[in-house]
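Please look over the chain shown below before reading on.

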Amino acid sequence: MLQTLAHYGCHILLPLLVALLFFKSNWKYAYLVMIAGMLIDLDHLLATPIFDPNRCSIGFHPLHSYFAILFYIFLSIPKKSRFVGLGLVIHIISDAVDCSLM
């Protein structure tokens, strides 16, 4: 239960916190774009079984690979892709928290 709350809390509340603290004038747009970072979980559909509560996503799924994570970090740097990159990095951080609680 605690693991689920921490995981989804990070996925939903962390982007909101970042949007409110760092992008006050445009926080709604920033939040929506960062929340869209959850779409990388579509790569779970490629796994068998699709959901395994004992599996760490980091390094297992293609969009959660270390190469992809490095790409997400670089996406966070340019202004045009910053919200997308931050959303993806926050998603990975949320998954890393989940992995550490396993």
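Y29 is partly exposed, with a relative accessible area of 49%, where buried means under 20% relative accessible area, exposed over 50% and partly exposed in between, with a 1.4 Å probe and protein chains only. F83, by contrast, has a relative accessibility of 16% and counts as buried. The model is predicted, so local features need pLDDT of at least 70 and side-chain atom pairs count only at pLDDT 80 or more, while totals for chains, interfaces and linings use all residues. Residues are numbered from 1 along each chain as its sequence is written, and side-chain values use heavy atoms, with hydrogens and water left out.

Three aromatic pairs are counted, under the rule that rings of Phe, Tyr and Trp (its six-membered ring) pair if their centres lie within 6.5 Å, with planes under 30 degrees apart counted as stacked, over 60 as edge-to-face and the rest as tilted. Two of these pairs are set out here.

| Pair | Distance between ring centres | Angle between planes | Class |
|---|---|---|---|
| F23 and F83 | 4.8 Å | 90° | edge-to-face |
| Y29 and F83 | 5.8 Å | 70° | edge-to-face |

F23 sits in the loop between α1 (2-22) and α2, and F83 in helix α4, 60 residues apart; helices here are DSSP runs (H or I, at least four residues), as strands are (E, at least two), numbered from the N terminus. Both F23 and F83 are buried. Because Y29 lies in helix α2 and F83 in helix α4, their pair ties together parts that are 54 residues apart in sequence.

The cysteines give one disulfide, defined as a pair of cysteine sulfur atoms within 2.5 Å. C56 and C99 form this disulfide, with their sulfur atoms 1.9 Å apart, and the torsion about the S-S bond is about 95°, so the disulfide is right-handed. The pair links distant parts of the chain, since C56 is in the loop between α2 (27-35) and α3 (66-75) whereas C99 is in helix α4 (residues 82-100), 43 residues apart. C56 is partly exposed at 25% relative accessible area, while C99 counts as buried at 18%. C10 is in no disulfide, and the nearest cysteine sulfur, that of C99, is 12 Å away.

Elsewhere, L39 has its place in the loop between α2 and α3 and counts as exposed at 57% relative accessibility.
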